[in-house]
Amino acid sequence: MKQVRLVYFSQASRSMSLSDLRNILETARSNNDEIAVCGMLCFENQFFLQALEGDREAVNELYLDIADDPRHEEATIISYDEVESPTFAKWQMGYAGGSEFFYELLRKNGQTEFDPEQMSQVQALSFLIDMAAFQTDI
């Protein structure tokens, strides 16, 4: 089986409450466990930035489902690569939101506000990897 990593960003189509984010994560963790997909999600400033890793077919189908979710819009793929092994294997879906470390990483990327559209492929993946070490419980 070919393993892939898909990184995308999108913008929330409405205000997201803590309850909304919890629901997204609970659903993702349950579904991803069943299909052997793992990943990392960041949300801040009405933007989502997410990496999905797993079998090519499972990741492709999951992304199509995610892209149809009405809670966000303009889902844009930043990168799609074959990988030897997953980077985010510890989590069915890790999560990190705004924090001191979050904004420190943004400043290192030359940003003052979280806007994944302004990140390169390398910056987006690096940001997700770094944030994986500083996950937030919600």
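## How H3 and H4 pack

In this predicted model, helix H3 (residues 100-108) and helix H4 (residues 121-132) pack at about 155 degrees, with axes 11 Å apart. Helices here are DSSP runs of H or I with at least four residues, and strands are E runs of at least two, numbered from the N terminus. Axes are lines fitted to C-alpha atoms, for helices over the stretch in contact, and angles run from 0 to 180 degrees between N-to-C directions. Anything over 145 degrees counts as roughly antiparallel, so that's the label for H3 and H4.

On the H3 side, Phe101, Phe102, Leu105 and Leu106 make the contact (heavy atoms within 4.5 Å), and H4 brings Phe127, Asp130 and Met131. That splits into six nonpolar, no polar and one charged residue.

## The nonpolar cores

A nonpolar core is a set of buried (under 20% relative accessible area, 1.4 Å probe, protein chains only) Ala, Val, Leu, Ile, Met, Phe, Trp, Tyr and Cys residues joined through side-chain atoms within 4.5 Å. The largest one has 21 residues, and those with the most contacts inside it include Cys42, Phe127 and Met131. H4 gives the largest share, five residues.

Look at Met131: leaving out residues up to four places away in sequence, its contacts include Met40, Cys42, Phe101 and Leu105. A second, separate core of 10 residues includes Val4, Leu6, Val59 and Tyr63.

## How to read the values

Residues are numbered from 1 along each chain as its sequence is written, and side-chain values use heavy atoms, with hydrogens and water left out. Local features need pLDDT of at least 70 and side-chain atom pairs count only at pLDDT 80 or more, while totals for chains, interfaces and linings use all residues.

Methods:
Parallel < 35°, antiparallel > 145°, perpendicular 65-115°, else oblique. Nonpolar A, V, L, I, M, F, W, Y, C, P; charged D, E, K, R; others polar. Buried < 20%, exposed > 50% of the residue type's maximum accessible area, 1.4 Å probe, protein only.
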